[in-house]
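Here's a quick briefing to read with the model open in your viewer. Take a look first, then we'll go through it topic by topic.

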Amino acid sequence: MKLATTLEAILYIKAQPLSLEELADTAGQPRHLVADALLELMDDYAHRDSALEVVETPTGFSLQLRESFQALVTNLIPTELSIGAQRTLAAIALKSPILQTELIELRGSGAYQHIQDLLAQGFIKRRRQQEGRSYWLEVSAKFHQYFEFDAEDLGLSPNIPETP
């Protein structure tokens with residue numbers, strides 16, 4: 001069996017970035033041979049029509065899904081939201097758009113973390129208030145797609161302030 005194939009199996013099984021030293025130890029091979037086989041494996045993935053790629057990250061080498069497939073992952077893998085984040089998202093959906101300062105008054109200071117989580121997961125979007133230091137928060141298209149309803153389903157009409 002080729003060393004490159006063994007490295008591919010190790011990266012797949014570990015499912016996390018591994019340093020060159022970790023790969024050499026796991027494969028039981030000298031570091032210089034692992035480095036060469038790793039280059040061979042990276043070149044192989046670069047030239048094939050595959051959803052996967054082998055990349056070097058700051059923490060090591062990783063077998064991962066190509067960036068062009070991230071939207072597919074987002075749509076296929078259910079998102080985990082804490083109860084607090086769900087309640088914060090519900091408040092944003094019902095009062096959309098809402099100023100972040102108003103949301104914090106309504107939900108408490110824990111909502112700051114909820115907002116960051118919801119932004120990172122793409123359920124809300126925010127933009128700076130024209131006058132003032134707060135942000136307008138509103139649900140995103142992903143929110144509507146994920147939960148499969150529109151503002152009209154809630155008897156709401158979109159009330160988004162004008163932006164310059």
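Which residues of H3 are buried? They are Val 34, Ala 37, Leu 38, Leu 41 and Tyr 45. Keep in mind that this is a predicted model. The chain has eight helices and five strands, and 33% of its 164 residues are buried.

**The overall layout**

- Starting at the N terminus, the elements go α-α-α-β-β-α-α-β-α-α-β-β-α.
- Take the contacts between residues at least 6 apart in sequence: 47% of them join residues at least 24 apart.

- H3 covers residues 31–46, which makes 16 residues. From first C-alpha to last it reaches 22 Å, close to the 22 Å expected at 1.5 Å a residue.
- Look down the axis of H3 and its buried residues fall within an arc of 110 degrees, so they line one face of the helix.
- As for what covers the buried residues of H3, the list includes helix H1 (3–14) and helix H2 (20–27), along with strand E1 (52–57) and strand E2 (60–65).

**Where H5 meets H7**

- Helix H5 (residues 83–95) packs with helix H7 (residues 111–120) at an angle of about 80 degrees, and their axes are 9 Å apart.
- The range for roughly perpendicular is 65 to 115 degrees, and H5 and H7 are therefore roughly perpendicular to each other.
- From H5, the residues taking part are Gly 84, Ala 85, Thr 88, Leu 89 and Ile 92; they meet Ala 111, His 114 and Leu 118 in H7.
- Sorted by class, this contact of H5 with H7 has five nonpolar residues, three polar ones and no charged ones.

**Helix H6 and its neighbours**

- In helix H6 (residues 100–107), the buried residues are Gln 100, Leu 103 and Ile 104.
- Viewed down the axis of H6, these buried residues fall within an arc of 100 degrees, so they line one face of the helix.
- What do the buried residues of H6 pack against? Their partners are H5, E3, H7, strand E4 (124–128) and strand E5 (135–139).
- Just after H6 comes Gly 108, with a positive phi of about 95 degrees.

**Backbone spots to check**

- Some background first: most residues other than glycine have a negative phi, and most peptide bonds are trans.
- Ala 15 isn't a glycine, yet it has a positive phi of about 55 degrees. You'll find Ala 15 in the loop between H1 and H2.
- Is Ala 15 buried or exposed? Its relative accessible area is 63%, and the cut-off for exposed is over 50%, so Ala 15 is exposed.
- The peptide bond that joins Ser 96 and Pro 97 is cis, with omega at about -5 degrees. Pro 97 is in the loop between H5 and strand E3 (98–99).

**Ala 141 in H8**

- Ala 141 is found in helix H8, which runs over residues 141–147.
- With 62% relative accessibility, Ala 141 counts as exposed.
- How far apart are Ala 141 and Phe 123 in sequence and in space? They are 18 residues apart in sequence and 7.6 Å apart in space, C-alpha to C-alpha.

Definitions and conventions:
Residues numbered from 1 in each chain as written. Predicted model: local features only at pLDDT ≥ 70, side-chain atom pairs only at ≥ 80, totals over all residues. Heavy atoms only, no water. Helix = DSSP H or I, 4+ residues; strand = E, 2+ residues; numbered from the N terminus. Expected span 1.5 Å × (residues − 1). Buried < 20%, exposed > 50% of the residue type's maximum accessible area, 1.4 Å probe, protein only. Arc of directions from axis to C-beta. Contact = heavy atoms within 4.5 Å. Axes fitted to C-alpha atoms, helices over the stretch in contact; angles between N-to-C directions. Parallel < 35°, antiparallel > 145°, perpendicular 65-115°, else oblique. Nonpolar A, V, L, I, M, F, W, Y, C, P; charged D, E, K, R; others polar.
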